[in-house]
Amino acid sequence: MGKMAQEAHREHWGSRIGFILAAAGSAVGLGNIWRFPYITGKYGGAAFVLVYLALIFIVGFSVMLAEMAIGRKAQLNAVGSFQKLRGGAWPIVGWMGVLAGFMILSFYGVIGGWTIKYFIWSFSGLMGDAAAGKAGDVFGAFVTNTPQVIMYQAIFMLITIWVVYKGIGEGIEKYCKILMPALFVILLILIVRSVTLEGAGKGLEFYLKPDFSKLTGESFAAALGQAFFSLSLGMGCMITYGSYVDKQTTLPGAAIQVCVIDTMVAILAGLAIFPAVFAFGVDAGAGPGLTFVTLPSVFAKMAGSSIWSALFFLLLFIAALTSAISLLEVVAAYVIDKGWARPKAAVIMGLLIFALGVPSAMSLTGAPKIAGKDFLDAMDFLSSNVLLPLGGVFIALFVGWFWTADARREVTNEGTHSFGMMEPWIWVCRVIAPLGILYIFITGLKW
Ligand code: PHE
């Protein structure tokens, strides 16, 4: 198929809400449900949330709109978009994005597999072990059982491949339209359960009471890093999803809605978690282990423990799956635009990413390591702390300095819609976002 014919046949989202739910599905992920609550607790509760909100709606929104505009204009994957719009060295930014997609999904698939294991396990023994105070031990035994971890990772990756294989309308859009409302309902059920427990108030206080003394330079860096990862920015995800948007949809409104949904789910996840943790007097400072060790112990103390545990891990699974789909789509779209058939792209790229994830799955046993870091941590660090911020800087600079006039046309649908925040948006892309991101990039560069 020639290039022109391919563009004419590019699949598009069936509806505006389909696009928004798919993009929100990408954004809402493990980052919202396990990382955000724990980081918020660590960096000052409501004070941190305020900083986070400001960064989401200034820097996050701007970079998200920039990505959507680039993709919608070019109607191509992350690499092809830069090639088509400006060429030169710009496609390298897209390349970094495809690489980041490869790397993030490789370890994301491992954790995604854990959520499946924990969902099933909720009905078969986990609650008993957790009630006996052994949640930490059984977690340790599971993650060092490499064949099992790889098996669940494989199941998670196969489901991800299946959805991407089915395509934009019949795959990604269809499943996100079912899964995202389901996620919301499950989250609300868990919140109601959590805040009505006796002693929940202490958890709410820990989570939301502002502690301005904890707001240091480090917490700003943490907030911006979290905002970027959580909104799926800096790696061409929103370029790719934007490339399936038709010319009638207005982009600024869509970008705002995705930011709002992502932020709401993150804040709500904390409301589901902390009141329950405090009500049962479990240590909330458990950090990253909060999800797989602390929470099973909390659920084990509730009446109907298996149900609550299963619901929570189902929530986590859905969040992880809709994000994983978007990560695979970034990579698949690149080879599809090169002429591959979608089924071949989904299967081959999915399997390659699975293979790259195997060392991450094994690394929970302590090996293999890269320069002293566990393989999984190294993949996470290189992608989240290096590739995403760098990608974000260049995407913002691209719109702010190199593609500005076209960007203005694209976000107003060729001047047919007004965009009240045009000048602030351009200036955030020109100066504020690049400097801000560069700052977190440098502070975050501690191996
Ligand atoms: N936003 C996802 C999360 O919060 C992770 C992600 C990053 C997904 C980058 C796609 C691209 O978990």
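Predicted model: local features only at pLDDT ≥ 70, side-chain atom pairs only at ≥ 80, totals over all residues.
A crossing is left-handed if the near helix is turned anticlockwise from the far one by less than a right angle.

**Entry: helix 4 against helix 20**

I looked up the handedness: helix 4 passes helix 20 in a left-handed crossing. Helix 4 spans residues 46–74 and helix 20 spans residues 422–443. I read an angle of about 115 degrees between them, with the axes 9 Å apart.

Next I listed who meets whom. Helix 4 brings Ile58, Val59, Ser62, Val63, Leu65 and Ala66. On the side of helix 20 I found Trp425, Val428, Cys429, Ala433 and Ile437. I sorted this contact by class: 10 residues are nonpolar, 1 is polar and none is charged.

**Entry: the ligand**

I counted 14 residues around the ligand. Ala27, Gly31, Tyr108, Phe229 and Ser232 are the closest.

Then I checked polar atoms. A polar backbone atom of alanine 27 sits 3.0 Å from a ligand nitrogen. Serine 232 puts a polar side-chain atom 3.1 Å from a nitrogen atom of the ligand. For asparagine 32, I found a polar side-chain atom 3.3 Å from a ligand oxygen. I also looked up cover: on its own the ligand has 330 Å² of accessible area, and the protein covers 100% of that.

**Entry: leucine 311**

I placed leucine 311 in helix 16, residues 305–337. Leaving out residues up to four places away in sequence, I found that leucine 311 touches Ile186, Ile189 and Leu190. I also checked serine 122 against leucine 311: they are 189 residues apart in sequence, yet 9.1 Å apart in space, C-alpha to C-alpha.

Conventions: Residues numbered from 1 in each chain as written. Heavy atoms only, no water. Axes fitted to C-alpha atoms, helices over the stretch in contact; angles between N-to-C directions. Helix = DSSP H or I, 4+ residues; strand = E, 2+ residues; numbered from the N terminus. Contact = heavy atoms within 4.5 Å. Nonpolar A, V, L, I, M, F, W, Y, C, P; charged D, E, K, R; others polar. Near = heavy atom within 4 Å. Polar contact = N/O pair within 3.5 Å; in protein donor to acceptor, adjacent residues only side chain to side chain. Areas by Shrake-Rupley, 256 points an atom, 1.4 Å probe, with all protein chains shown as cover.
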